[in-house]
Amino acid sequence: MDTMRRGLAAPGWAMIDIGTATVGVAERDALGTSARVAAWPPYNLARVLAITDTELARLDEQASRFRDDSEISAVHRTPGEVHILSEGLAEAIAVALAAARWTGGLVDPTVGSALELLGYDRDFAAIRNGGAMPPAPARVPGWASVRLDGRCLRLTAGSRLDLGATAKGLGSDRAASAAAAAITGGGVLVSLGGDIAVAGEAPTGGWPVLVADEQVPVSADSGSGRAGQVPEPSAGQVVRLAAGALATSSIMCRQWRRGDHMLHHIVDPRTGMSAAGPWRTVSVAAATCAEANAASTAAIVAGDRAVAWLSGQGLPARLVGRDGSVRFVAGWPQADGGLVEAPQACRMPAGGRTA
């Protein structure tokens, strides 16, 4: 065991004791949130962490709007409307466009300028409260203004993309898939800020996950707080996930104040303002984490229509109202310890490229 633990001391990763020797768990900061990785048997963890590091670094270099040296920042700086992308960024934008089409525009990657206008123009840890509320924002350019043909992107001048509604989920999907392919036997769980993908064989009964306003996989204590969290989050619910993915979107984790307005990072593309619906947290199970992430974000924006939309899609979901009330949709278990059965087939159309 001592030898195994020494081998798992990967730079930046902290081992997490979850009270069992059958699963190895580690956590570190990544992509402006926390990454948590679990593997069983635990001797697989070192390999899984190395692969996760590679995948997260690649996604950050491709799609972070907070890095001046990222590929998407270079796109925003480059004059002209036509850009040739790497395969990785093209995939990330294609997934974002697929999510926009699937949700009828409730999730839209062209909210970048709206977020910056509201003050979310840097890594969230660096955002400061205060300052005047900006003028009433205009409707965002809209996902239909974006053209993606293979690796060729056509972007309306002045448009700024934000892939936050799908990129973390895509990162979890990429890392879990690559890690599971590299090990023999067992399984992996990868969580980015509570957006979880699992691959390979799950432990008996499924991976335990705490779903709450501040979601933490595997263990109830994340060991870290985040700026902007409001007091008294919901108690949460422990569920089990054997396959697929689970994502949580919440207005509680990233909040800041401008004038008399408390803002959050989930923008309604129809108004350019923080979504004002009745839900403070939505958790959704789906075939992929990118799909689950898109659905949970869309539900926050959809407001009163969220329950009907999720039910129509057959996506198990747990919705927490601003008053703390909880709704369960499409077979989400009501009791602690229940198994969340994620759909095996994607509801979100593949691709997302437009001509």
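## The chain as a whole

In this predicted model, the chain contains eight helices and 20 strands, and 55% of its 355 residues count as buried. Its accessible surface amounts to about 14500 Å², and carbon and sulfur atoms account for 51% of that area.

Contacts across the sequence can be described by how far apart the partners lie along the chain. Among contacts between residues at least 6 apart in sequence, 69% join residues that are at least 24 apart.

Helix α8 spans residues 306–313, and A306, V307, W309 and L310 are its buried residues. These residues lie on the same side of α8, because they cover an arc of only 165° around the axis. On the face of α8 turned away from the buried side, the exposed residues are A308 and G312.

The buried residues of α8 pack against two helices, α4 (87–102) and α7 (289–302), and against the strands β17 (279–286), β18 (317–321) and β19 (326–329). Just after the helix, G314 adopts a positive phi of about 70°.

## The aromatic pair

The structure holds one aromatic pair. Its members are W102 and W309, whose rings are tilted relative to each other, with 5.1 Å from centre to centre and 55° between the planes. Because W102 belongs to helix α4 and W309 to helix α8, the pair ties together parts of the chain that are 207 residues apart in sequence.

Each partner can also be placed by its accessibility, for which the cut-off for a buried residue is under 20% relative accessible area. W102 has 11% relative accessibility and therefore counts as buried, and W309, at 18%, likewise counts as buried.

## The enclosed strand β12

Strand β12 covers residues 245–250, and six of its six residues are buried, so the strand is largely enclosed by the rest of the structure. The burial applies to both sides of the strand: A245, A247 and S249 point one way, L246, T248 and S250 point the other way, and all are buried.

β12 pairs with strand β8 (residues 195–200) in the antiparallel sense over two bridges, and within this pairing A197 has A245 of β12 as its bridge partner. β12 also pairs with β17 in the antiparallel sense, here over six bridges, and the bridge partner of S250 in β17 is T281.

## A three-stranded open sheet

Another group of strands forms an open sheet of three, arranged in the order β4-β6-β5 with antiparallel pairing. The edge strands are β4 (82–84) and β5 (147–149), each of which pairs on one side only. When direction is ignored, neighbouring strands of this sheet are turned by 20° against each other on average.

Within the sheet, β5 and strand β6 (residues 152–154) run antiparallel and are joined by three bridges. One of the residue pairings between these strands involves R147, whose bridge partner in β6 is R154.

Key:
Residues numbered from 1 in each chain as written. Predicted model: local features only at pLDDT ≥ 70, side-chain atom pairs only at ≥ 80, totals over all residues. Heavy atoms only, no water. Buried < 20%, exposed > 50% of the residue type's maximum accessible area, 1.4 Å probe, protein only. Helix = DSSP H or I, 4+ residues; strand = E, 2+ residues; numbered from the N terminus. Arc of directions from axis to C-beta. Contact = heavy atoms within 4.5 Å. Phe/Tyr/Trp six-rings, centres within 6.5 Å; stacked < 30°, edge-to-face > 60°. Pairing = 2+ DSSP bridges. Axes fitted to C-alpha atoms, helices over the stretch in contact; angles between N-to-C directions. Areas by Shrake-Rupley, 256 points an atom, 1.4 Å probe, with all protein chains shown as cover.
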